Amino acid sequence: MMSIRKFLLQLNLCRGIGQVSKVRLWQATSQHHCFTDLKALAQWAQLGPSSQEALLNNWASDQLAAAVEYNQRFPYITIVDDDYPDQLRETYCPPLVLFYTGRLELLKNPLLAVVGARDMSNYGGTVLRGLIPQLAKRQVTVVSGLAKGVDGMSHRLALANDGPTIGVVGCGLDRVYPTENRQLQETVAQRGLVLSEYGRGEPPLAYHFPERNRIIAGLASTVLVIEAKKRSGSLITANLALEENRTVCAVPGRIDTSRSMGCNELIAAGAKPILRVQDILDEFLL
């Protein structure tokens, strides 16, 4: 008989079904104590026609069976496991499975999400060099997306100052995006923790990154935005964090540059302005 963990892994890897629909299927499974009657589950979860078709067509496919068999060889936690972070479990659309490499115990630390522009300016770099080393010394865990710019520099500064750091990626853990961050991702995996809800072999598709952002926002109790344009992935993460009742902080910037517009508007809307490192430490009662 299939275990709940294997059912969750198989559901997570099943193609053609959105993340919200997968969560609804899991909720239906929990409510009705059944995960063998797919047609009934699809009805209970109120799946749309295309999602129902994808579930019924793909569930017994050789491709999905091979993906499950392969990914079972590697470490992962599911939403029913004790190691799964409570605050992430309570979000609107929690990942059913998290594949990981590294120190899973870091999920129990104070977690600060740091997000910002990929085309970071000198000002953004100066801000990070002023904040991250001091946060690292206080063992605040920096969570970011292993992307270019603010993400990458946040991880590097945390590592350079012996601070804990967690990377959340938008592809399988055997892939690296961007490719120039390969060494960084390997170092974070060795000394920190790298997470993904995507099975090995999954490429970095465009829609994976907004999905990845909800995990970053859900893991952390506080989100810090450093340089963000008016429409950017960083603002998506900040808005997701607000929806989950997380504290959102932003570093104010010049009013004559588009990179600062997102941060300045967040502050105008009520985000906490960060003027010194203690403003962040206060959120963790440090």
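Visitor: Which residue stands opposite Ala113 in S4?

Guide: Ala113 faces Val143 there. This is a predicted model, with residues numbered from 1 along each chain as its sequence is written. Local features need pLDDT of at least 70, side-chain atom pairs count only at pLDDT 80 or more, totals for chains, interfaces and linings use all residues, and side-chain values use heavy atoms, with hydrogens and water left out.

Visitor: How many bridges join S3 to S4?

Guide: Strands S3 (residues 111-116) and S4 (residues 141-144) run parallel, joined by three bridges. Strands (E, at least two residues) and helices (H or I, at least four) are DSSP runs numbered from the N terminus; strands pair if DSSP finds at least two bridges between them.

Visitor: Where do these strands sit in the sheet?

Guide: The order is S1-S2-S6-S5-S4-S3-S7-S8-S9, nine strands in an open sheet of mixed pairing. S1 (76-78) and S9 (272-273) are at the edges with a single partner strand each, so one side of each has no neighbour in the sheet.

Visitor: How do I read two packed helices?

Guide: Two packed helices are described by the angle between their axes and the distance between the axes. Here H1 (residues 4-13) and H5 (residues 62-71) pack at about 125 degrees, axes 10 Å apart. Axes are fitted to C-alpha atoms, for helices over the stretch in contact, and angles between N-to-C directions run from 0 to 180 degrees.

Visitor: Which residues make the contact?

Guide: Lys6, Leu9, Gln10 and Leu13 of H1 meet Leu64, Ala67, Val68 and Asn71 of H5, contact being heavy atoms within 4.5 Å.
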